[in-house]
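Hi,

Here is the structure I promised to pass on.

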Amino acid sequence: MRSTDPSSAPGGAGGRRGTAMLALLSFAMLIVSLDQYIVVVALPDIARDLGYSARTLQSVISAYAVASAGFLLFGGRAADLLGRRRILVTGLALYAGASLAGALATGPGLLLAARAVQGLGGALVFPTTLALINTGFAEGRARNRALGIWGGAGAAGLVIGVLLGGLLTQAFGWQAVFLVNVALAGPALPLAFALIPRDAARERGRTFDLPGALSATLGVTLIVFALVQGPGLGWLSPGVLASAVAGPLLLGAFAVIERRSSDPLMPPGLLANPHLITGVVIAFMFMATFGSVLYFLSLYFQEVLGYDALRSGAGFLLPTAVVVAGSTTAGRLVTRFGLRPTLAVSLAVGALGAVALGLAVSPHGTYTGLVPGLVALSAGDGVVFTVMFIAAATGVSDRRQGIASGIASTGSGAGAAVGLALLVLVATAGLDGLTGERLRVATADGISTALFCVAGGIVLTLLVALRRCPPSRAPQPVPVPYQTRRC
């Protein structure tokens, strides 16, 4: 049976329908990306109403990131097997329903459950939108341009979420940061049926590899649980110790399951693509570093500088504009200069921005003092966010774009969860027992230290990019099924 996917046509998507589909996919990506941090500015209000402590509050962020990271492979695989339109619509519906449940939550447990289901919905939407773009636009200039628009929406969503969260929290209370997702995802559902071609019939004999998906999800969840709860419960407490041991064992079991499966969740041959592996590594390190900064800046604005939710959100207007500009130009930069130079320069700029922010953060700092660091960090953020997904899609066949997108987005989701957990440990070290001005000063010092750690992580990412991504050169033949492309 002939596929109705737009990629089946030579040259991929084009014309008004292709433009409309790209707009919808970018909008869906913005919704998913926005919700990762829309709750950040509302965290102090959520803590007061639902009873979170300073050390457990970041679990509101991590619950989403952990669930998303664990099911991204499953989402990408489902998109390939069941159809990309079906999975996109399912993910948006889960997202809207979980957001409504979050707004109605009356305790920490209910809110964390809603955030986890939101993460599951995001795990279906994220790789599916990416796969639809990668199969709908020809590799090269057309795909780079489309990914630039899609990446601009995703990168901007991370920052716009903080801004919108401030506006909504100030005007309507923290529940509004969940209800807005219902208003956004609702209209996207009928548009998906109208703009995305009907899915082809499911291939027979293909399976989901549910054991692999469950082992990966539980492994990541337990590792992050140990990192988050270790300082409070004690590193040798039974729950933390069991999680720290069981998490890596489950990830090891995932590797064994994948090798023995007749239809593995993560096809071994796909991992032979060096561009995909580079994209995954960069995505993990990007979200562990760049992706964690918003959390700490929001706390700095509110807990140290004394901003209210609205003023905190307004503080992200500048970085939002810079991130969007960087992301939307990233595709053109890659087309002109190649992956390696674009990554190297943007990561170097981002590292300098993180250092500048670390120096500017202090108990008596000002927003003006943050501006140079915010601009540099946001410029690097926007470009890298798009480029890492361009790298991950290079040389992957259309048939495997869903799982490849799932692998790349798993790297970013896992990085967000692990990076935030580790950096929170750094930032909150020594805060126990402090109150008043001493707590405010120590909070600023902790955030500054975390930002210097972010800068170090970005430098490490730069070294990885220089080592893993070869310089531009004439294409060399590689084994089928991968195509050839300069890096």
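This is a predicted model: local features need pLDDT of at least 70, side-chain atom pairs count only at pLDDT 80 or more; totals for chains, interfaces and linings use all residues.

Below are a few notes on helix packing, the core and one serine.

Residues are numbered from 1 along each chain as its sequence is written, and side-chain values use heavy atoms, with hydrogens and water left out.

Helices H3 (residues 59–82) and H15 (residues 401–428) pack with their axes 7 Å apart, at an angle of about 170 degrees. Helices here are DSSP runs (H or I, at least four residues), numbered from the N terminus, and axes are lines fitted to C-alpha atoms over the stretch in contact, with angles from 0 to 180 degrees between N-to-C directions. The pair is therefore roughly antiparallel (over 145 degrees).

Next, the largest nonpolar core has 132 residues, and Leu-88, Leu-111, Phe-296 and Tyr-300 have the most contacts inside it. Such a core is a set of buried (under 20% relative accessible area, 1.4 Å probe, protein chains only) Ala, Val, Leu, Ile, Met, Phe, Trp, Tyr and Cys residues joined through side-chain atoms within 4.5 Å. Helix H10 (residues 274–304) gives the largest share, 16 residues. Leaving aside neighbours within four places in sequence, Phe-296 contacts Leu-420, Leu-423, Val-424, Ala-427, Ile-447 and Ala-450.

Finally, Ser-312 sits in helix H11 (residues 309–314) and is buried, at 0% relative accessibility.

Cheers

Notes
Helices (H or I, at least four residues) and strands (E, at least two) are DSSP runs, numbered from the N terminus. Angles under 35 degrees count as roughly parallel, over 145 as roughly antiparallel, 65 to 115 as roughly perpendicular and the rest as oblique. Buried means under 20% relative accessible area, exposed over 50%, partly exposed in between (1.4 Å probe, protein chains only). Contact means heavy atoms within 4.5 Å.
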